[in-house]
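Here is a short briefing for a first look. Keep the sequence and the model open while you read.

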Amino acid sequence: MANVVVVGSQWGDEGKGKIVDWLSERADVVVRFQGGHNAGHTLVIDGVVYKLSLLPSGIVRQGKHSVIGNGVVVDPWALLEEIERIREQGVVVTPETLKIAENVTLILPLHAAVDRARELARGDAKIGTTGRGIGPAYEDKVGRRAVRLCDLADETTVRERVDALLLHHNALLRGLGQPEASGEGLVTALLEIAPRILPFAERVWNVLDQADRRGQRILFEGAQGAMLDVDHGTYPFVTSSNTVAGQAAAGSGIGPKAMDYVLGITKAYTTRVGAGPFPTELDDEIGQRLGERGHEFGTVTGRRRRCGWFDAVMVRQAAKTGGIDGIALTKLDVLDGIETLKVCTGYRVDGKVLDHLPALSASQSKVEPVYEDLEGWSDSTQGARSWAELPATAVKYIRRLEELIEVPVALLSTSPEREDTILVRDPFEG
């Protein structure tokens, strides 16, 4: 059986929650491999709504093993709060059901303070971070001064790591006119939480290797989307990690040969949260309609998402940089009743039409979308569970998207209900 990597092919918020939930029922192990608690997803199981940020989707299903890989940055306090929140909903998380990579980088309170202070100092040039400390934590990881989960087992190591952190961050906080962090306060907080979080620590690379050898199905669950990738996205308006499928290997400690199928979650239109370029954004009644019908608000932040037409240039590029084998097309029903649909097929920059997103930020800000008009449909697609139930023009729309992005549709979602899904190809069958 195949192992599957699930990634977003746009700017995140593509509806991964439902699709990952749909797939997690078929998986044995579910792995988070990047990001932090800045990206959330909503699962609805037997009428119960679960809102997860750090925990893998498999955690709410009995008999599944959940793994947080080394590519994630973990706020231990936020994680324990999330565990307690779903415990109140009847889901008990134990070290047997959740494994966290022992070498995972921790997010500390000072990271959030630095994150917010820097964003405040940027003024109108804000990047649009969530202020949860994800970026500064990744910076410390790369700067080789991070506190890792395994460090909590040794007080001397904790003190050494905290001293190294404060040498850097307190100078930064002083420069930003903010209060400095207390070293002793950080050490005390970390030593207090250590007994609660250390039992989850594990050699995740070994856990996954053994699962793969046993032939278990592994689902690798990404956060955010391809256009928020720190290398391949709309830099600098990106997240602080790689979000493409290649990160699934590095971020979980298993070789790339274990990745058999990459599924790109793709919304039938486009949304984005926060600042940054958005070529197909709509500031009109249709954009407002998409936001209202699609309930476009962030799971974690509650921020309103910007809405626009489907951008085939962006998704095609995401498919190539991410090695996407098939897409799960979501929220098709939100387009019901729109007479004419537009799809972006190219970018015009300084009089030239491009078939890709330029890397230069100045060029990205100049992009003008080149549109192709497609006929809409008046009949409802909501709840359709077979191609025969879809309006002919809706099928034509889907087929045209496949041509433009050069990737086939593997799954089609027609409502938030998990059973309202048309399966074209089972990713777990490879």
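**Charges over rings**

The charged end of R399 lies over the ring of W387, 4.7 Å from the ring centre. Such a placement needs NZ of Lys or CZ of Arg within 6 Å of the ring centre and within 35 degrees of the ring normal. R26 also has its charged end over a ring, that of W22, at 3.6 Å from the centre.

This is a predicted model, where local features need pLDDT of at least 70, side-chain atom pairs count only at pLDDT 80 or more, and totals for chains, interfaces and linings use all residues. Residues are numbered from 1 along each chain as its sequence is written, and side-chain values use heavy atoms, with hydrogens and water left out.

**A buried glutamate**

- E296 is in the loop between helix 9 (285-293) and strand 13 (306-308). Helices (H or I, at least four residues) and strands (E, at least two) are DSSP runs, numbered from the N terminus.
- E296 has a relative accessible area of 1% and is buried. Buried means under 20%, exposed over 50%, and partly exposed in between, with a 1.4 Å probe and protein chains only.
- The side chain of E296 makes a polar contact of 2.6 Å with that of R305, and one of 3.1 Å with that of K267. A polar contact is a pair of N or O atoms within 3.5 Å; within protein, one must be able to donate a hydrogen and the other to accept it, and residues adjacent in sequence count only if both atoms are side-chain atoms.

**Backbone exceptions**

- Most residues other than glycine have a negative phi, and most peptide bonds are trans.
- D13 has a positive phi, near 60°. It is in the loop between strand 1 (4-8) and helix 1 (16-24). At 24% relative accessibility, D13 is partly exposed.
- E406 has a positive phi too, near 65°. Its loop runs between helix 12 (392-405) and strand 19 (409-413). E406 is exposed, at 52% relative accessibility.
- Y235 and P236 are joined by a cis peptide bond, with omega about 5°. P236 is in the loop between strand 10 (218-221) and helix 8 (247-250).

**Aromatic pairs**

- The model has two aromatic pairs. Rings of Phe, Tyr and Trp (its six-membered ring) pair if their centres lie within 6.5 Å; planes under 30 degrees apart count as stacked, over 60 as edge-to-face and the rest as tilted.
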